[in-house]
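Here are a few notes to read with the model open beside you. Take the points in order and find each residue as it comes up.

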Amino acid sequence: MSNDPESKEAANESPAEPTADELKERGNNCVKEKKFEEAVLHYSHAIKLSPKDPILYSNRSLAFLKINQLYYAHEDAEKAIELDETWAKGYFRKAEVLFNAGQYDSALLSYAAALQRVPNDMMIIDAARKAAQFSNRETMLDKRVPWVGAGIGIVLGVIIVLLDQLATKAPTVSHPALMVFLVMIISAIGWGIAKGYRYYTKDQKKGLLDPPLELLEGFWKDKDAEENPDEPIKAPRNRYTKAQARQRFKKGKT
């Protein structure tokens, strides 16, 4: 065995811990290579070392957005804004998340906030124009879709009345006023179904920004109760409440 003090010193040295800037660069390289899950890990590690850097949250927001984790992307964008309200990129990141969640009007507000800070940025201007187009389309669909449903209902109502008159020996509806009333009832049902469908699709989009489900919530409690029914239930050492777990994740304590 060598007694060389230099070799002993080298053996006792541990690898240098990467800095926040080095981890950020690794994350940026992963984003360029479309390794977004790996980028999230690097940015999270960097945030643990430098929790007050809005750029890290902005970058991780982008990575989360690329893997369709809209809730976490939105949370990171909000954190970036909180850390630096004068920085346009935080508002832009938030707008991009809202746009992908189908919240076009809210996205427009965030794009406007970004433009207040960098008025001549063409990328933000083009993104805002796109959001305005999608917002106008949604407004048009809100108006048109129910009436399309009503029109389909009228067609179905007429078909039902004609079949009743032509295909049966004793028609169920014989008076013209009743025929019209039946058609109008079916048309109203079609209008209501189409209106409900629009409401459902918009509500589904809003849900994209809801916190993810805690799939293992209650798992340890149920497991302990089955194995030791006579003993008080004790949570595992590393278990946190939902709010604590979410806060630790946002701070990079993964």
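**Notes on the model**

1. Let's start with Thr201, which is buried, with a relative accessible area of 18%; buried means under 20% relative accessible area, exposed over 50%, and partly exposed in between (1.4 Å probe, protein chains only). Thr201 sits in helix H9, residues 176-206. Helices here are DSSP runs (H or I, at least four residues), strands are E runs of at least two, and both are numbered from the N terminus. Thr201 and Gly102 are 99 residues apart in sequence, yet 9.9 Å apart in space, C-alpha to C-alpha.

2. Before going on, know what you're looking at: this is a predicted model, where local features need pLDDT of at least 70, side-chain atom pairs count only at pLDDT 80 or more, and totals for chains, interfaces and linings use all residues. Residues are numbered from 1 along each chain as its sequence is written, and side-chain values use heavy atoms, with hydrogens and water left out.

3. How far can you trust it? The mean pLDDT of the protein chain is 81, and 77% of its residues reach 70 or more; pLDDT is the predictor's confidence in each residue, from 0 to 100. Residues 7-11 have pLDDT below 50, and beyond near neighbours in sequence this stretch has 3 contacts in the model, where contact means heavy atoms within 4.5 Å. Residues 219-224 also fall below 50, with 6 contacts beyond near neighbours in sequence. Where pLDDT is low, the predicted coordinates should not be read in detail.

4. Now the overall picture. The protein chain has 11 helices and 0 strands. Of its 254 residues, 33% are buried. Take the contacts between residues at least 6 apart in sequence: 56% of them join residues at least 24 apart.

5. On to helix pairs. Two packed helices are described by the angle between their axes and the distance between the axes. H3 and H4 pack at about 155 degrees, with their axes 9 Å apart. Axes are lines fitted to C-alpha atoms, for helices over the stretch in contact, and angles run from 0 to 180 degrees between N-to-C directions. So H3 and H4 are roughly antiparallel to each other; angles under 35 degrees count as roughly parallel, over 145 as roughly antiparallel, 65 to 115 as roughly perpendicular and the rest as oblique. On the H3 side, Phe36, Ala39, Val40, Tyr43, Ser44, Ala46 and Ile47 meet Leu56, Tyr57, Asn59, Arg60, Ala63, Phe64 and Lys66 in H4. That contact has 10 nonpolar, 2 polar and 2 charged residues. For the classes, Ala, Val, Leu, Ile, Met, Phe, Trp, Tyr, Cys and Pro count as nonpolar, Asp, Glu, Lys and Arg as charged, and the others, Gly among them, as polar.

6. Next, H5 (residues 70-83) and H6 (residues 88-100): their axes come within 8 Å and cross at roughly 160 degrees. H5 and H6 are therefore roughly antiparallel. Among the residues that meet are Leu70, Ala73 and Ile81 in H5, and Tyr91, Val97 and Leu98 in H6. The contact of H5 with H6 divides into 8 nonpolar, 3 polar and 3 charged residues.

7. What about H4 and H6? Their axes come within 10 Å and cross at roughly 15 degrees, which makes H4 roughly parallel to H6. Ser58, Ser61, Leu62 and Leu65 of H4 make the contact with Lys89, Arg93, Glu96, Val97 and Asn100 of H6. By class, that contact has 3 nonpolar, 3 polar and 3 charged residues.

8. Leaving out residues up to four places away in sequence, Glu96 touches Leu65, Tyr111 and Ala127. Glu96 and Ala127 are 31 residues apart along the chain, and their C-alpha atoms are separated by 8.4 Å.

9. Finally, check two loops. Most residues other than glycine have a negative phi, and most peptide bonds are trans. Lys34 has a positive phi of about 65 degrees although it is not a glycine. Lys34 lies in the loop between H2 (20-32) and H3 (36-49) and is exposed, with a relative accessible area of 64%. Asn68, in the loop between H4 (54-66) and H5, has a positive phi near 65 degrees. At 57% relative accessibility, Asn68 counts as exposed.
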